[in-house]
Amino acid sequence: MDRISISKGDIVRMKIEAIVNASNTSLLGGGGVASSIQKYAGDEYMQACIALGGCNTGEAKITPGFKLNAKYVIHTAGPIWRGGNKGEPELLKNCYDNCLDLAVKNHIKSIAFPSISTGVYRYPVELAIKIALKEIITFLKVHPELEKVVIVCNDERTTRLYKNYLKKIETQNLF
Ligand code: AR6
């Protein structure tokens, strides 16, 4: 699957059509990826986020990227990890599916995801990567129009875990 790759870096500076914002249900404030995007995207971006009026956990909404290199930001609210029995896996799956659906509906051909929920929301990264990669790869197989998906991680460990699992999927033909 050469349309998916893992990269270490800052998602905010990516030169790609769309980046995903790992946000919260208000789509406002916060730390992590969301605050980095806010810092660079400008005041109009903030106004556009306010106008969205929030987003349920697992859903996705879109705004322009304004001052970012990316033309669009797709916002999603990941689940907060509460031990794993509160529907977290299904909600995280919904985040990836809804972001990808929204991307193709907007004719987006390249998109970068952060590792949704594994920062401030404390979803165990070893579990989250399995959901993320399964959803993305399954989606890419039925949507040839989506040309490129990059998962951008900002730390060494997360990057390595994603790369190792992607390799395992490819060598064992998991999905
Ligand atoms: N580029 C790439 N990855 C990043 C960046 C960056 N610039 N910044 C952080 N990460 P998080 P969540 C990684 O916390 O867990 C916010 O306050 C980070 O190391 O951004 O879904 C929102 O407003 C981690 O691996 O998102 C919400 O309230 C991953 O991105 C809440 O955090 C996700 O970390 C959402 O928490």
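**Entry 1: charged pairs**

Which side chain meets that of Lys 93 in a salt bridge? I looked this up to get started, keeping in mind that the model is predicted. The partner is Asp 97, and the N to O distance comes to 3.3 Å. Both residues belong to helix α3, which covers residues 88–105. They sit 4 residues apart there, so about one helical turn separates them. I also checked how open each one is. Lys 93 is partly exposed, at 28% relative accessible area. Asp 97, at 19%, counts as buried, because the cut-off for buried is under 20%.

How many salt bridges does the structure hold? I found 2. The other one I noted joins the side chains of Glu 126 and Arg 157, with 2.6 Å from N to O. Glu 126 is in helix α4 (residues 125–142) and Arg 157 is in helix α5 (residues 156–172), so this pair ties together parts that lie 31 residues apart in sequence. Glu 126 is partly exposed with a relative accessible area of 37%, and Arg 157 is partly exposed too, with 41%. A reminder to myself: side chains of opposite charge can pair when their charged atoms come close.

**Entry 2: Lys 8**

Next I went to Lys 8, which has its place in strand β1 (residues 4–8). Its relative accessible area is 45%, so I wrote it down as partly exposed. What does Lys 8 touch, leaving aside residues up to four places away in sequence? My list reads Cys 153, Asn 154, Asp 155, Glu 156 and Thr 159. I also took the distance from Lys 8 to Pro 89: the two are 81 residues apart in sequence, and their C-alpha atoms are 24 Å apart in space.

**Entry 3: two helices meeting**

Then I turned to helix α1 (residues 32–41) and helix α2 (residues 43–52). At what angle do their axes cross? I read roughly 130°, with the axes coming within 7 Å. That makes α1 oblique to α2. On the α1 side the contact is made by Ile 37, Gln 38 and Ala 41, and on the α2 side by Asp 43, Tyr 45 and Met 46. Sorted by kind, the residues of this contact are 4 nonpolar, 1 polar and 1 charged.

**Entry 4: positive phi**

I also looked at backbone angles. His 107 is not a glycine, yet its phi is positive, at about 60°. I found His 107 in the loop between α3 and β5 (110–113). Is His 107 buried or exposed? It is exposed, with a relative accessible area of 63%.

Arg 122 is another residue other than glycine with a positive phi, near 60°.

**Entry 5: cysteines**

Last, I searched for disulfides. How many are there? The count comes to 0. Cys 95 is buried, with 0% relative accessibility, and Cys 99 is buried with a relative accessible area of 0%.

Methods:
Residues numbered from 1 in each chain as written. Predicted model: local features only at pLDDT ≥ 70, side-chain atom pairs only at ≥ 80, totals over all residues. Heavy atoms only, no water. Salt bridge = Lys/Arg side-chain N within 4 Å of Asp/Glu carboxyl O. Buried < 20%, exposed > 50% of the residue type's maximum accessible area, 1.4 Å probe, protein only. Contact = heavy atoms within 4.5 Å. Axes fitted to C-alpha atoms, helices over the stretch in contact; angles between N-to-C directions. Parallel < 35°, antiparallel > 145°, perpendicular 65-115°, else oblique. Nonpolar A, V, L, I, M, F, W, Y, C, P; charged D, E, K, R; others polar. Disulfide = S-S within 2.5 Å.
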